[in-house]
Amino acid sequence: MGNSETKLHFRKAVIQLTTKTQPVEAADDAFWDQFWADTSTSVQDIFTLVPAAEIRAVREESPSNLATLCYKAVERLVCGADSGCPSDNERQIVLNCCRLLTRILPYIFEDADWRGFFWSTVPGAGRGRRREEDLDDDEDSRPLAESLLLAIADLLFCPDFTVNSHKKSNDQAEEIHSLDSCEYIWESGVGFAQSPPPNYIHDQNRSELLKLLLTCFSEAMYLPPSSGSQTHNPWVDFFCSSENRHALPLFTSLLNVVCAYDPVGFGFPYNHLLFSDHRELLVEQAAQILIVSLEHDGRQSAGGALQAAKASTSTAVEEQGMFRNSFAIIRGNFNLKIQPPSGPENLFVNYLSRIHREEDFSFVLKGLTRLLNNPLVQTYLPHSTKKIQFHQELLILFWRFCDFNKKFLFFVLKSSDVLDVLVPILFYLNDARADQSRVGLVHIGVFILLLLSGERNFGVRLNKPYSLRVPMDIPVFSGTHADLLVVIFHKIITSGHQRLHALFDCLLTIIVNISPYLKSLTMVAANKLLHLLEAFSSQWFLFSNMKNHHLVFFLLEVFNNIIQYQFDGNSNLVYTMIRKRTVFHQLANLPAETAAIQKALQRNKKSGFSRTNSTDTESMEGSRRAACAEPGTLKASLEATPGLDKITEKSRVSEDGTLVAVPNSPQLNNSAVAAGSDTESNSERDLEVSRTESVRSRLSSVSSSSWTPTPDWVLSWKVKLPLQTIMRLLQVLVPQVEKICIDKGLTDESEILKFLQHGTLVGLLPVPHPILIRKYQSNAGTAMWFRTYMWGVIYLRNVDPPIWYDTDIRLFEIQRI
């Protein structure tokens with residue numbers, strides 16, 4: 001009864017606000033206190049009792065009342081931060097103000113005329129109220145946004161509200177403004193050795209404040225993508241600047257909370273159904289705040305931060321007491337100003353780039369891999385372990401770490417721990433390949449693998465045997481992690497959603513980068529590579545688009561790398577090349593006459609190959625087929641990904657092992673290739689021809705209607721096909737294999753494989769070509785893609801309450817499948 005009455009009073013206050021034609025004075029506390037004095041208003045109540053239409057109505061018809069409501073709510077937060085929220089009533093008022101501002105802010109941001117409101121100066125607000133004796137007269141007021149952000153930061157380290165108090169029972173209350181928040185870091189890990197006792201009330205309060213903070217940062221959603229790449233987010237810029245005295249402990253707290261989280265807990269079956277996990281929501285919010293705060297132009301911030309870290313490594317000073325931390329170097333130089341060319345320095349990026357202790361790297365990597373592998377955990381009891389859903393945020397966070405801290409990237413690659421990142425990424429790629437609502441997930445996974453593949457150690461680590469048996473709908477095989485990668489990439493290309501065609505050249509580039517280091521591919525992986533070449537080298541496919549031949553160049557480079565650098569252990573691939581030698585001969589003899597080109601294109605139009613699903617080999621036990629998105633699923637649109645030449649730079653491996661940059665040629669852009677169907681079976685080779693044609697029928701949907709292939713165009717790239725090494729191999733080995741088969745009457749391929757294992761081509765092949773590596777490089781295009789993808793994920797993940805639902809988002813479009 002009482003709860004219904006308080007909701008009724010709150011609803012009446014909202015109606016009064018929307019119907020008043022005259023401005024309500026800011027001094028009328030009795031009226032304004034109605035919005036936050038009620039102790040029974042949950043965040044769901046706020047979103048129900050304050051409809052979107054009424055917020056917009058107040059914004060248009062009574063703008064002064066909306067402005068006063070925002071100002072008064074911020075004022076109460078500032079007062080709460082000043083006082084330290086000593087009473088339950090004050091804490092509830094702070095939470096109600098948080099919920100109200102979380103509801104209102106998106107409607108402020110969607111109107112261009114209102115966006116500057118929070119950055120206007122309001123007399124009496126901000127730190128002038130707190131420390132007037134320390135400030136000049138002209139600093140006695142702050143923009144409302146700065147006052148709000150500083151209040152949130154203070155409240156996130158408020159004893160007995162969001163952190164455990166350190167005071168003894170007979171001590172006076174802790175003064176929040178003299179409090180050293182580095183002693184109140186939320187979780188042990190990087191920079192902090194003590195793990196505070198868990199407190200679910202504190203976790204809930206932190207989550208409310210972080211939700212408001214994320215809403216503040218979301219102004220970026222309401223700016224179109226064209227301008228987004230050129231503008232900074234002022235909310236993030238200020239919050240991550242030296243104006244925020246809690247920047248270091250807050251960054252550390254967010255990072256440690258994410259990386260220390262273990263959703264399985266003590267491992268009791270079905271424990272997630274018996275007990276509420278209040279930490280999960282906090283971890284998800286912390287991950288989202290981190291990825292948004294770390295969104296910074298890497299070409300400016302990371303370079304400056306890394307230079308600063310290198311310049312100051314010799315000045316590290318360890319602190320006394322139990323709070324020894326690896327950030328002593330940062331705290332010792334906290335006032336150091338390193339201003340990038342544009343915009344203030346992002347301290348979160350700075351701190352991330354300065355992490356350097358191996359134990360800290362190990363903590364971060366183990367935490368991220370534990371969470372990324374959580375959905376892959378298999379148990380005898382179905383649904384007995386908790387499965388997290390924020391793996392996309394974790395992948396973005398891992399990307400930020402690798403992009404801003406190269407020492408962390410090298411740490412990941414120096415051991416087989418990188419495979420604990422690889423396997424879940426491949427699992428997500430395979431699982432999401434047919435779902436158009438998860439195209440962004442496939443992209444971020446491919447981008448991470450492209451980044452890793454630019455380093456030699458990644459290719460070397462892939463030779464470790466794959467012993468896990470994560471259920472995926474791929475052929476059962478016994479091989480290495482490289483085989484797993486090739487098989488899943490083949491699945492993505494041949495049975496993925498057609499919106500993934502822009503990733504084909506990225507997928508093949510990853511295989512090219514790792515190919516010089518692959519010691520032994522299985523027959524399954526070898527057949528998959530040859531199957532791709534067979535599909536991509538068909539005449540109609542080569543002639544149907546002006547860039548399709550680039551895919552053939554990538555695959556030929558893979559075969560050349562393996563032959564020249566890893567011939568001894570790859571008898572399976574060599575045998576498959578011999579068996580499929582007609583594919584290479586047809587490429588070498590590709591016709592370039594106009595009549596032949598037209599005939600090839602016409603042949604495709606007449607062909608009506610249908611897709612067959614029954615020809616896949618047996619998948620792993622317990623796996624489920626990749627499913628399309630269910631009707632009604634929401635998805636966020638994405639910016640177009642830049643061409644391969646924009647996101648990679650070529651480097652040759654010199655004789656001493658160092659990389660030498662190679663100038664980019666305007667040769668490789670995104671391949672306009674659509675996805676096909678996986679219709680090849682390695683155990684039923686008599687069906688290979690029909691299966692290849694089935695793949696081709698899917699690929700044929702892509703053509704350039706305004707472009708016509710010419711003989712000159714065909715010849716321009718045909719003469720550059722790198723077939724010399726392959727043709728020489730076939731010239732030497734084919735007669736030998738045929739002779740053995742005739743002389744010994746061999747019909748079993750195992751005998752041929754034994755012969756190839758002991759064979760050699762020393763002195764018979766051309767001089768090995770230098771290894772060419774295409775390394776990822778950051779650029780404005782991928783930065784814009786990451787921004788739209790990141791905010792799209794955040795929008796779709798925050799549905800309780802639906803913070804941004806039905807607002808005028810301009811960064812991307814929300815579409816229903």
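# A first look at the predicted model

Good morning. With a relative accessibility of 2%, valine 423 counts as buried; buried here means under 20% relative accessible area, exposed means over 50%, and partly exposed lies in between, using a 1.4 Å probe and protein chains only. The structure above is a predicted model, in which local features need a pLDDT of at least 70 and side-chain atom pairs count only at pLDDT 80 or more, while totals for chains, interfaces and linings use all residues. Residues are numbered from 1 along each chain as its sequence is written, and side-chain values use heavy atoms, with hydrogens and water left out.

Let me stay with valine 423. This residue belongs to helix 20, residues 418-432; helices (H or I, at least four residues) and strands (E, at least two) are DSSP runs numbered from the N terminus. Which residues does valine 423 contact, leaving aside its neighbours within four places in sequence? They are Leu376, Tyr466, Leu468, Val470, His481 and Leu484, where contact means heavy atoms within 4.5 Å. For leucine 468, 45 residues away along the chain, the C-alpha atom is separated from that of valine 423 by 9.0 Å.

Now to the protein as a whole. Its secondary structure comes to 36 helices and seven strands. Of its 817 residues, 58% count as buried. Among contacts with a separation of 6 or more, 80% are between residues 24 or more positions apart. The protein exposes about 33,400 Å², and carbon and sulfur atoms supply 52% of that area, as computed by the Shrake-Rupley method with a 1.4 Å probe, where for residues only the protein chains shown count as cover.

I turn to helix packing. Two packed helices are described by the angle between their axes and the distance between the axes. Axes here are lines fitted to C-alpha atoms, for helices over the stretch in contact, and angles run from 0 to 180 degrees between N-to-C directions.

Helix 5 (residues 63-83) and helix 7 (residues 144-155) have axes that come within 9 Å and cross at roughly 35°. On the helix 5 side the contact includes Cys70, Tyr71 and Val74, and on the helix 7 side it includes Leu144, Ser147 and Leu148. The residues of this contact divide into 10 nonpolar, two polar and one charged; Ala, Val, Leu, Ile, Met, Phe, Trp, Tyr, Cys and Pro count as nonpolar, Asp, Glu, Lys and Arg as charged, and the others, Gly among them, as polar.

The second example is helix 28 (residues 571-579) with helix 35 (residues 749-757), whose axes come within 9 Å and cross at roughly 115°. Helix 28 passes helix 35 in a right-handed crossing. Ser571, Asn572, Val574, Tyr575 and Ile578 of helix 28 meet Glu749, Ile752, Leu753, Leu756 and Gln757 of helix 35. These residues divide into six nonpolar, three polar and one charged.

Next, the aromatic rings. Rings of Phe, Tyr and Trp (its six-membered ring) pair if their centres lie within 6.5 Å; planes under 30 degrees apart count as stacked, over 60 as edge-to-face and the rest as tilted. How many aromatic pairs does this rule give? The count comes to 35. In one of them, phenylalanine 118 and tryptophan 235 have ring centres 5.7 Å apart and planes at 55°, so the pair is tilted. Phenylalanine 118 sits in the loop between helix 6 (88-109) and strand 1 (121-122), and tryptophan 235 in helix 10 (residues 234-239), so the pair ties together parts 117 residues apart in sequence. Both phenylalanine 118 and tryptophan 235 are buried. Another pair, tryptophan 399 with tyrosine 776, is edge-to-face, at 4.9 Å centre to centre and 75° between the planes. Tryptophan 399 in helix 18 (residues 391-404) and tyrosine 776 in strand 6 (residues 772-776) are 377 residues apart, and both are buried.

Finally, the backbone. Most residues other than glycine have a negative phi, and most peptide bonds are trans. Cysteine 85, however, has a positive phi near 50°; it lies in the loop between helix 5 and helix 6. Cysteine 85 is buried, with a relative accessible area of 0%. Aspartate 160 has a positive phi near 70°. Is aspartate 160 buried or partly exposed? Aspartate 160 is partly exposed, at 35%. The peptide bond from aspartate 800 to proline 801 is cis, with omega near 0°.

Thank you.

Key: A crossing is left-handed if the near helix is turned anticlockwise from the far one by less than a right angle, and right-handed if clockwise.
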